[in-house]
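Let's take a walk through this fold, from the overall build down to a few charged pairs. Have your viewer ready.

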Amino acid sequence: SIQKVTEDIMVKLATSLKKEFNLPNLCLAGGVALNCVANGKILKENIFKNIWIQPAAGDAGGSLGAALALWHIEQNNPRKVNKNDKMKGSYLGPEYSQKEIEKQLDESGANYEILSDEELIDKTATDLSKEEAVGWFQGRMEFGPRALGARSILADPRSGQMQKNLNMKIKYRESFRPFAPSILREDLSEWFNLNVGSPYMLMVADIKKNKTIEAKKNQRNLFGIDKLKIKRSKIPAVTHVDYSARIQTVDGEINKKYFHLLKKFKEKTNCPILVNTSFNVRGEPIVNTPVDALNCFMGTNLDKLVIGNCYLDKKKQN
């Protein structure tokens with residue numbers, strides 16, 4: 001009920017703003033802007049031409065405002081309007097060099113092999129296509145509450161068991177909790193009823209009808225957890241009960257390594273989508289350092305860990 005009221009109010013506010021100011025664009029921030037279902041409803045109403053949502057829309061995002069206020073107000077630096085997204089994919093956190101990654105792994109006694117970018121992407125895509133769960137640690141960490149392909153746990157969305165397995169064996173949380181799909185931007189409209197990018201995983205949209213699987217007669221009256229066990233689409237691991245999904249679009253400009261991994265996975269499976277969830281277990285923050293990633297890897301049922309160009313197989317760890 002609270003969700004429904006929130007959606008109604010947000011749509012009314014958006015409509016009112018459009019009527020009052022008649023501007024083509026809407027920017028959203030504040031914790032409620034992380035409500036991706038409500039954001040999807042505003043988008044569906046076609047009130048504004050463009051919608052942009054601050055990826056760290058909660059209280060933590062205030063730190064960006066504070067830094068910008070100092071830069072422009074106190075230090076008198078010019079405020080330039082840029083038509084491109086200056087958030088740099090929200091990859092604003094720390095990054096570790098290959099040398100630093102190897103040092104931390106060596107000190108922890110980890111067994112790993114070093115692969116070229118091409119070998120790494122090919123091997124990881126193969127692992128994912130075999131329904132293995134992979135810890136993916138690359139480049140600068142995401143700023144905000146969503147894992148966007150820098151500190152992520154990745155999996156095959158086509159698997160009917162993947163949602164339950166990831167929740168129970170890796171995230172250690174309720175089996176019904178949903179996961180989000182990362183999809184190549186170029187394939188978005190083929191899989192979802194969405195025609196704008198959603199780089200920060202802040203939009204919910206319906207899966208295309210030709211990708212869904214209609215519930216059988218004997219399944220329609222199921223309730224609760226039993227209702228979740230029905231295979232609803234060709235990508236069941238990321239499909240909500242109402243045939244929607246919380247989408248992250250990925251293009252080749254911002255996170256090239258993740259983009260190439262999705263490309264390679266599509267090449268092997270004809271599916272341009274991966275399950276993408278934050279690299280952590282319930283109650284813990286997202287992993288930040290290579291040691292954090294290794295500890296999470298060893299403390300869960302993750303199969304593989306890919307940090308920089310280091311590739312770790314669980315079976316080969318001491």
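First, the ground rules. This is a predicted model, so local features need pLDDT of at least 70 and side-chain atom pairs count only at pLDDT 80 or more, while totals for chains, interfaces and linings use all residues. Residues are numbered from 1 along each chain as its sequence is written, and side-chain values use heavy atoms, with hydrogens and water left out.

The protein chain has ten helices and eleven strands, taken as DSSP runs (H or I, at least four residues, for helices; E, at least two, for strands) and numbered from the N terminus. Of its 318 residues, 46% are buried, meaning under 20% relative accessible area, with exposed over 50% and partly exposed in between (1.4 Å probe, protein chains only).

Now for the salt bridges, each a side-chain nitrogen of Lys or Arg within 4 Å of a carboxyl oxygen of Asp or Glu. By that rule there are 15. One of them joins Asp 8 and Lys 4 at 2.9 Å, N to O; both sit in helix α1 (residues 2–21), four residues apart, or about one turn of the helix.

Others reach further along the sequence. Asp 117 meets Lys 257 at 3.6 Å, N to O, and this pair links helix α5 (residues 117–129) with helix α9 (residues 256–269), 140 residues apart. Lys 257 is buried at 18% relative accessibility, whereas Asp 117 is partly exposed at 42%.

Asp 122 and Lys 268 form another bridge, with their closest N and O atoms 3.1 Å apart. Asp 122 is in helix α5 and Lys 268 in helix α9, so this pair ties together parts 146 residues apart in sequence.
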